[in-house]
Amino acid sequence: MDATTNPVFCTIIPPHVFDRLIEAEDPALARIARRTFIADAAQRTERRLTTVLGAEPVAPPAGGGAGQPQRTVYDAQHTTALPGHKVRGEGQAPVQDATVNRAYAGLGATFELYLKAYQRHSIDGNGMPLDATVHFDHSYNNAFWNGTQMVFGDGDGQIFLDFTLPVDVIGHELTHGVTQHTANLTYFGQPGALNESMSDVFGSLVKQYSLDQDAHQADWLIGAGLLAPGVHGDALRSMKAPGTAYDDPVLGKDPQPATMDHYVTTGRDNGGVHINSGIPNHAFYLLADELGGKAWERAGQIWYDVLTGGHLGTQAMFKDFAKLTVAAARARYGEGAEYQAVQKAWSQVGIPPA
């Protein structure tokens with residue numbers, strides 16, 4: 001692994017959700033939440049140790065050309081041992097386990113977006129094999145990128161369903177790997193919220209690309225289909241209307257702000273990285289909606305240019321990112337509709353670029 005990268009442990013479900021679930025009146029839900037929280041803490045510690053001691057070298061892709069992913073799906077068999085037992089490799093036929101097949105397909109969908117839209121060969125740009133483990137732990141309520149691979153829980157069936165169900169969750173977590181290998185945004189405060197937002201943006205684009213949707217057809221929800229029946233909500237987050245994804249007696253209310261007027265200052269969740277990401281998320285939605293067409297084309301290209309262009313610092317604040325997107329729009333498209341739309345989008349969320 002490149003010594004300049006700083007891989008972090010990134011989960012799709014933020015800590016503030018577990019704060020609510022641990023206090024649930026249903027003792028079974030509270031017990032599952034505590035178990036997930038403890039498993040996350042163990043994985044986070046492992047990630048830090050790997051960062052200090054150095055990761056084991058990643059094997060180069062075995063066979064296949066530059067346009068082909070190298071996917072391997074493992075089954076943890078409800079343990080926490082990674083990666084687990086190999087159950088499906090690249091090019092192998094679907095298996096009976098639908099969870100395995102969804103993970104395999106989601107890895108492929110993410111690979112395809114980055115290759116076809118941005119000419120990026122896998123997560124690191126150099127053909128990195130894509131590994132995923134399913135059936136992690138018992139009733140594990142999360143999915144995560146640990147710096148080297150994807151891991152999916154089965155959910156508890158009461159609050160969350162199988163974490164391989166939404167393809168944008170897979171795209172979200174793998175994009176943490178793209179960020180790790182490019183801008184390497186620090187996972188705290190505004191840089192951390194930008195890190196999370198990048199994953200929401202490109203996770204949503206993975207879903208839109210796989211469904212061939214334009215910006216006006218897309219639902220702009222992150223994790224739609226993940227909440228169990230009976231939970232009052234549509235998804236984990238909404239890029240179109242941050243703060244409206246769910247409002248449930250057990251989960252609480254979606255805390256994301258849409259603009260800087262409601263920016264949340266907190267010491268939890270690495271300085272609110274899953275909360276304040278709603279602001280740059282909304283800016284991207286506004287840009288894509290203004291431009292219309294396929295969002296991964298012009299809007300996504302501008303964001304990708306900034307993420308991979310080498311000028312986005314690891315400690316970048318929202319205003320820094322906004323300025324770079326304006327510059328990227330001008331560099332690629334001139335001072336036309338794209339340039340104007342980027343400035344308008346950031347102004348609408350309270351971050352007018354200088």
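A: With pairing: two strands pair if DSSP finds at least two bridges between them. Strands (E, at least two residues) and helices (H or I, at least four) are DSSP runs, numbered from the N terminus. This is a predicted model, where local features need pLDDT of at least 70, side-chain atom pairs count only at pLDDT 80 or more, and totals for chains, interfaces and linings use all residues. Residues are numbered from 1 along each chain as its sequence is written, and side-chain values use heavy atoms, leaving out hydrogens and water.

Q: How many bridges join strand E5 to strand E6?

A: Three; E5 (residues 143–145) and E6 (residues 150–152) run antiparallel. Trp 145 has Met 150 in E6 as its bridge partner.

Q: What is the strand order of the open sheet?

A: E1-E5-E6-E4-E2-E3, six strands with mixed pairing. Strand E1 (10–11) and strand E3 (85–89) are the edges, each pairing on one side only.

Q: How are two packed helices described?

A: By the angle between their axes and the distance between the axes. Axes are lines fitted to C-alpha atoms, for helices over the stretch in contact; angles between N-to-C directions run from 0 to 180 degrees. Here, the axes of H5 (residues 189–211) and H8 (residues 298–308) come within 11 Å and cross at roughly 140°. That makes H5 oblique to H8 (under 35 degrees is roughly parallel, over 145 roughly antiparallel, 65 to 115 roughly perpendicular, the rest oblique).

Q: Which residues of H5 and H8 make the contact?

A: Contact means heavy atoms within 4.5 Å. H5 uses Met 198, Val 201, Phe 202 and Leu 205; H8 uses Gly 300, Trp 303, Tyr 304 and Leu 307.
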